[in-house]
Amino acid sequence: MNAQIQYRRGTDPKSEDERVAMSKEAFKHDFLDNLFCVQGKIPALATRHDYYMALAYTVRDRMLHRWISTAEAYTNHGSRTVAYLSAEFLVGPHLGNNLLNLAITEEVRQAVRELGLDIDELIGCEDEPGLGNGGLGRLAACFLDSMASLEIPSIGYGIRYEFGIFQQDIADGWQIEKTDKWLRFGNAWELPRAEWAVEVKLGGHTDKYTDHEGRLHIRWIPTRIVNGVPYDTPILGYRVNTANTLRLWRAEAPESFDFSTFNRGDYYGAVNQKVVSENVTKVLYPNDEAIQGKELRLEQQYFFVCCSLQDMLRILKVQQIPITRFHEKFAVQLNDTHPAIAVAELMRLFIDENGMEWNDAWTITQQTFAYTNHTLLPEALERWPISVFAKVLPRHLEIIFEINARFLDSMRIRYFGDEARIARLSLIDESGGRYVRMAHLACVGSHAINGVADLHTQLLKQDVLKDFYELWPEKFSNKTNGVTPRRWLALTNPRLCELICDAIGDGWIKDLARLSDLEKFADDPAFQSDWRAIKRANKLELAGIAHSRTGVAIDPDSMFDVQVKRIHEYKRQHLNILHVIALYHRLKSDSNFDTQPRTFVFGGKAAPGYHIAKLIIKLINSVGDVVNRDPHIRDRIKVIFLPNFNVTNGQRVYPAADLSEQISTAGKEASGTGNMKFCMNGALTIGTMDGANIEICSEVGVENCFMFGLSAAEVEASRARGYRPASFYESNPELRGVIDFIRDGFFSRGDSSLFRPIVEGLLNWDTYMLLADFQSYVDCQATVSTVYQDPAQWSRMSILNVARSGKFSSDRTICEYAQDIWRVPRVPIRLLSQSDLTSGLAE
């Protein structure tokens, strides 16, 4: 591997600066420089990871030219900027994406090959930053990519978790959580900015005092102070000069070591402040079942919001913009309720730290923030106990009480005598304990509120945020989610990308609507044949990965029926496995029955404290264990659970899928983005009329997808009538056989108690209406099997799904945000020359 690597300093053939040159020879020279001078390794001692790091630094050098040029333009022009506040940024691996956006993938591939290395092996060395739980964090990452590609000034603000979402192993069918050590070898893509560290107060109490002019003020006296240190990662746009910033905050102690305490013999006490302070950003989403966990989660949310708003004030000062124009400089987007405390914090910074009057501060605050709601599940709308809030953020609780008092005073005049409505609108929930309602705070403190799919937004208006919609209808809009086609098609599916580019050019990568030009190839036999060959090649790759990780051999010529997403009852992975059991039961009991060979692929993580979700994983694996070993089935069906589903593994799964399972209970999924990734890669959707499924069906044509089940309105009507799930069990022999198979211990080695919680939950309350949708789902799956047996028809539908997926680019979503909510114009970037970069030093 190392034989061809030789290092000769002073032989660089480039005329341009070596750190920004794009030629193959310049790249090889810089790679060797970084291996020797940054990694400090010679080829005989270098590991594969050393080579990866040298490659990453070499690519980053090219990015920094764009990053510095972008920062210079934004600073000099005082550009209006989007500040995207999110507790999650699931960015995925950087290297491949940055090569794509710089348009140097093939040049670098050749340069690395000439050095005796394999670029794909090096890309595979990258540890994925697990800084998110699923769709919310991945959406934020797609948005950053689109904002940079569209040349929209932006900063993503979040938390630099030391340990991200857990690594998932499967042992005896059960999920095992292991620590995500994504920083164990360092992170080549980030730059620490210790000089921009800020202080964050926590706990304590408040005191009132009067200044020399007799004005009343409030002073927050904290129990402890934590430092927030920013770590910056450049986010490149696709084939533009823009490189925006992802700024993640790490918590540190103001004094990491107490020397006097150490000298007294208290060795633990000497470092205790460091340990306690760093806990704030230690782990993504600590378990909040205990009160200490609730306090830590609130501290996390406040920590990154406080750091980010102080950073914005610093930027105002650098750019000499008055604080009264804060809302003109920054459009701050709250990605769900996690950063909603920003409303109270900005008020505190304006009033307590900068002496602004309440009314002026409130006007600017409301004009600054916009709020995206991402959930219809009541339990996901954050509420904090007053006792926890008072302990962690005493000053903010006072500010929230004051915001609420002023708000409710105006509401009592508007809705005279309607005390029930006043109670529903209040920022404080007083029904059975007292809680701060964070979604309410976000609604009151923002000038815009949006949902993330047409149905989701309608349900927000009709139910979850109905009172706020009736109060401020002009605040509400829909912004259907999207995904970046750069990562999720061009990078993820290079074979299909090449075929599409050969057919219609590469303009679709920047303007996904151009995929519509593929429609004319939908019935072309030669194009269909190439399309199927690519799908099979992708399936063959996934089959190899699946075998290495699960030990199960799967047939690439079978239909790949895929459901990969966070494990949750409303997403109904257990409805999918009920269908698998139904097929298995038929194959075992009816010698005349046959079915299209299928491989059922599952993947996803269950929250560590979510017992039923973890039991669903166990059920999937237990069914797979029985089905995969049964010789009577003759490989007609296989079941695999791919462990540790993340961005990296998603890039392998989406291109290989034939069928995309989007089967959530109607009215429960806000949008979904996995459905868009599957569609964009040519998988056909089987789904309910929920979230963005409705819009996918509308775009690609109902004849090119498979829809089943109750609508959201029918779900609610069924509940209103008094839903009795056992009636479906009693009246449907196939369903009864499936449930009895599980209940009697067939998939649990005779242990009838193992899956009892799932069975009893379905028969007694069935919150997410699996039994009501079961027969419709099974019938729809039979149609899927019939259609799949006609390769020409299936290929035509697949091509049309891709051709009509243009709406689901995050570029379209960001354009709508920028035009309707943020009012942020594009700022094209001119790359600075070498003389530009050094002129400031000369002066």
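User: Why are helix 1 and helix 4 called oblique to each other?

Analyst: A word on the basis first: this is a predicted model, in which local features need pLDDT of at least 70 and side-chain atom pairs count only at pLDDT 80 or more, while totals for chains, interfaces and linings use all residues. Residues are numbered from 1 along each chain as its sequence is written, and side-chain values use heavy atoms, with hydrogens and water left out. Now the pair: helix 1 (residues 24–37) and helix 4 (residues 105–114) pack at about 55°, with their axes 9 Å apart. Angles under 35 degrees count as roughly parallel, over 145 as roughly antiparallel, 65 to 115 as roughly perpendicular, and the rest as oblique. Helix 1 and helix 4 are therefore oblique. The axes are lines fitted to C-alpha atoms, for helices over the stretch in contact, and angles run from 0 to 180 degrees between N-to-C directions. Helices (H or I, at least four residues) and strands (E, at least two) are DSSP runs, numbered from the N terminus.

User: What residues make the contact of helix 1 and helix 4, and how many of them are nonpolar, polar and charged?

Analyst: Helix 1 brings K24, E25, F27 and K28, and helix 4 brings E107, V108, Q110, A111 and E114. Contact here means heavy atoms within 4.5 Å. By class, there are 3 nonpolar, 1 polar and 5 charged residues. In this scheme Ala, Val, Leu, Ile, Met, Phe, Trp, Tyr, Cys and Pro count as nonpolar, Asp, Glu, Lys and Arg as charged, and the others, Gly among them, as polar. Helix 1 passes helix 4 in a right-handed crossing, the term for a near helix turned clockwise from the far one by less than a right angle, with anticlockwise giving left-handed.

User: Why is helix 29 called roughly perpendicular to helix 31?

Analyst: Helix 29 (residues 733–743) and helix 31 pack at about 110°, with their axes 10 Å apart. That angle makes helix 29 roughly perpendicular to helix 31. Their crossing is right-handed. E734, L735, V738 and I739 of helix 29 meet L771, F774, Q775 and V778 of helix 31. These residues divide into 6 nonpolar, 1 polar and 1 charged.

User: Then how do helix 22 and helix 31 stand to each other, and why?

Analyst: Helix 22 (residues 573–589) packs against helix 31 (residues 770–788) at about 55°, with the axes 10 Å apart. The two helices are therefore oblique, and their crossing is right-handed. On the helix 22 side, H574, L575, N576, L578, H579, A582 and R586 meet L770, F774, Y777, V778 and Q781 of helix 31. This contact has 7 nonpolar, 4 polar and 1 charged residues.

User: Why is W384 called buried?

Analyst: W384 has a relative accessible area of 3%. Buried means under 20% relative accessible area, exposed over 50%, and partly exposed in between, with a 1.4 Å probe and protein chains only. So W384 is buried. This residue lies in strand 13. Leaving aside residues up to four places away in sequence, W384 touches K294, R297, L298, Q301, F389, R434, Y435, V436 and M438.

User: What makes strand 13 and strand 14 edge strands?

Analyst: The open sheet has 3 strands in the order 13-15-14, with antiparallel pairing. Strand 13 (383–385) and strand 14 (428–429) each have a single partner strand, so one side of each is left without a neighbour in the sheet. Two strands pair if DSSP finds at least two bridges between them. Strand 13 and strand 15 (residues 435–437) have 3 bridges, and R383 stands opposite R437 in strand 15.

User: Which strands pair with strand 12, and in which sense?

Analyst: Strand 11 (residues 330–335) is joined to strand 12 by 4 bridges and runs parallel to it. Strand 16 (residues 448–451) pairs with strand 12 in the parallel sense over 3 bridges. V332 stands opposite F369, while the bridge partner of Y371 is I449 in strand 16. F369 and Y371 point one way from strand 12 (residues 369–372), A370 and T372 point the other way, and all are buried.
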